[in-house]
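I opened the model today and worked through it chain by chain. These are my notes.

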Amino acid sequence: MDKFTKLALAALSMTLITSPAEAQSVNGTVDITGSVAPKCLVLPGAGNSFGTLVALGELAQADGRLATDLSSRFSSIGGTGLIARVVCTSANPTVAVDALEITSATPSTTGYANRVDFAARVALSVTPSGIDTISNDSRNAATGPTALSGRLANNGDSNIMITADTFATPVATDLLVAGSYTGRIDIVIAPGL
Amino acid sequence: MRLVISLFASGLLILSADRAVAQSATGIVEIDGSVADRCLFTTPSETISVGELALGGTGTQAGRLDVAKLNGQTRTLAGWCNGTAATISVEAMPLINRSFQGAPPTGFETRINYNADALANRVTASDTSTTAGAGTTIPVGLFTGDVVVTVSGSSTATGGLLVAGVYTSKIIVTLTPNVSFGGGSK
Amino acid sequence: MTGVSKEKCFALIAVAALLLPAAVMAQATAFAVGQGSPNQIALQVQVQASVGGRCGFAPSGVPSGGFDRPNFDVTGFTHDFPFLLECTGPSRVAVVSSNGGLLTGGTVPSGYAAKAPYDVALHLVGSNSSADATCAVATLVSGGACPFRGPATTGQGLRLAASSVGQPGTYLRVSAPAYSAPEILSAGRYADTLIVTVSVAP
């Protein structure tokens, strides 16, 4: 290689050295993901059960037949235990209600009853407004999971209230057998899937 | 190879479904109540008015107790007991002349005795007025219905003449529930 | 120019191109040995150059990757995304959030939420100093108030006063406690994407 070529190539090399620095990466991307499970919670506290014991006391009135004020007695004795606040993360929760008749183990006889039927009603506040009522009569089979018309209202207040009415013996004139009686209302609020 | 993978994936799905049982909120309202043992007479009293107790006429028995007036008299009360351990008893009180004080003269009577039965729920309690106090208490159990009271065996101590006057008596039927408080009715 | 190879011709043209704007122009002629004097001319080429500021992520340390937390509303989460700066001078790092929070699909009524908050923290390590800042992710969207909301420019972003080349310890941290706001989070999958940028910051 002659001098001229060497000189030119040297000049070209210097040109290469003085060109700007090569581009670096100036941005990066990170992804964050997560999940919230479908679930129903009792507030406050995020537990999953509510309820109370309603001790109705004497079920018979003076003439031996079923007392006629059991509906109002149920509410006043149950009090705040019949009110609850439940929220579900899913959009269409379901509510199932089963009223179990109030019975005594003592066998009955003609003219008597050892069983008191009733209707349980669960009133639920939904969004944006309104109340859905899911009921079950102890004379019937359980009310299966029933979709609500919207999400359960979440506004800081209780959104469930339980009442009972239509208490009755199988025959209206039945006297009540003496003894202790028990019944129950089962409610399941499940996230709809 | 592909088949094996599919089965494995299905297994995973099944496991996931089992584990994904979503948390529900459960409400349980327990209800309890009681009915106290009680008995009640819904028809608590009846009256037996027999009128003239003595035989009429002029025969040897005139003026003495006409047993036909009392024997066979029956009245029906009604009541109920709501407990299986209820009991019944009856007390027959002698028919006594209330118009005459003191012991009657010889040959005369001021007291008539009789037997009373009380039938309820297919059991019968009995008593005689010759002895003070109620007869034996017997179980009557859970019932609602008639309590039939029947008079029999009327007599006087000596068969003498009945002193004139007003004779009164009571037959007391007692229904008792299992517990001592709670309203036994007479 | 006959008899001169193409390579030589090109070299000569290139030299000419360089030399023409140069300050020094040789006027003398050089002769071959035995045919005159001088036999060579010293050309002086002035070289003017500068070293540009390098600032970016090291090729092996670009912020990347993903983090998934099931049931994050119950457990909360904290996760670091380490990265490496390659900046020969002061720099600024900035972050942009796609969603302003962890977002799920669908609309929700009052009392419910479809977006969950979390915090974004930057920890930048330099040769002789470090820099830290934390913002709520909601302030990392367009127009948001976070001082290190991206994209990074010479005036925007968390400034690291020192150079940082191959310095370990730099990270972006995302974190949240167990969810406790009154609005109930809707069930489902949630996601967000953070874009991290860096700029010189003299």
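The entries below go from confidence to contacts, strands, a helix and the core.

**Ground rules.** This is a predicted model: local features need pLDDT of at least 70, side-chain atom pairs count only at pLDDT 80 or more, and totals for chains, interfaces and linings use all residues. Residues are numbered from 1 along each chain as its sequence is written, and chains are lettered from A and ligands numbered from 1 in the order in which they are written.

**Confidence.** I noted the overall scores: ipTM 0.85 and pTM 0.77. Next I looked up pLDDT, the predictor's confidence in each residue, from 0 to 100. Chain C averages 87, and 84% of its residues score at least 70. In residues 9-25 of chain C the pLDDT is below 50. Beyond near neighbours in sequence, that stretch has 20 contacts in the model. Where pLDDT is low, the predicted coordinates should not be read in detail.

**Chain C overall.** I counted 2 helices and 15 strands in chain C. Helices (H or I, at least four residues) and strands (E, at least two) are DSSP runs, numbered from the N terminus. Of the 202 residues of chain C, 34% count as buried. Buried means 20 or more other C-beta atoms within 10 Å of the residue's own; exposed means 12 or fewer, and partly exposed lies in between, with C-beta atoms placed from the backbone. I then checked contacts, which are pairs of residues whose C-beta atoms, placed from the backbone, lie within 7 Å. In chain C, 74% of the contacts with a separation of 6 or more are between residues 24 or more positions apart.

**A sheet in chain C.** I found an open sheet of 3 strands, in the order E1-E4-E12, with antiparallel pairing. Strand E1 (55-57) and strand E12 (164-165) of chain C are at the edges with a single partner strand each, so one side of each has no neighbour in the sheet. Strands pair if DSSP finds at least two bridges between them. E1(C) and strand E4 (residues 85-87) of chain C are joined by 3 bridges. Cys55(C) has Cys87(C) as its bridge partner in E4(C).

**Where chain B meets chain A.** How many residues does each chain bring to the contact? Chain B gives 24 and chain A gives 48. On the chain B side, strand E1 (residues 25-35) supplies the largest share, 11 residues. That side divides into 10 nonpolar, 10 polar and 4 charged residues. Here Ala, Val, Leu, Ile, Met, Phe, Trp, Tyr, Cys and Pro count as nonpolar, Asp, Glu, Lys and Arg as charged, and the others, Gly among them, as polar. E1(B) pairs with strand E13 (residues 179-190) of chain A, antiparallel, over 11 bridges. I marked Arg184(A), which stands opposite Glu30(B).

Strand E6 (residues 94-104) of chain A joins E13(A) by 9 bridges, antiparallel. Ala96(A) has Val188(A) as its bridge partner there. E6(A) also pairs with strand E10 (residues 143-147) of chain A, antiparallel, over 3 bridges. In that pair I noted Val97(A) with Thr143(A). With strand E8 (residues 115-125) of chain A, E6(A) pairs antiparallel over 2 bridges. Thr103(A) stands opposite Arg115(A) in E8(A).

**Helix H2 of chain A.** Which residues of H2 (residues 70-78) are buried? They are Leu70(A), Arg73(A), Phe74(A) and Gly78(A). They are on the same side of H2(A) because they cover an arc of only 115 degrees around the axis, taken from the directions from the helix axis to the C-beta atoms. Ser72(A) and Ser76(A) are exposed on the other side. The cover over the buried residues includes strands E3 (49-58) and E11 (160-168) of chain A, together with E1 of chain B. Gly79(A) follows H2(A), with a positive phi near 55 degrees.

**The core.** A nonpolar core is a set of buried Ala, Val, Leu, Ile, Met, Phe, Trp, Tyr and Cys residues joined through C-beta atoms within 7 Å. The largest one has 123 residues. Those with the most contacts inside it include Val86(A), Ala118(B) and Val93(C). Strand E7 (residues 111-120) of chain B gives the most to this core, 6 residues. I looked up Val93(C) too: leaving aside neighbours within four places in sequence, its contacts include Leu122(C), Phe148(C), Leu158(C) and Val198(C).

Terms used
Two residues are in contact if their C-beta atoms, placed from the backbone, lie within 7 Å.
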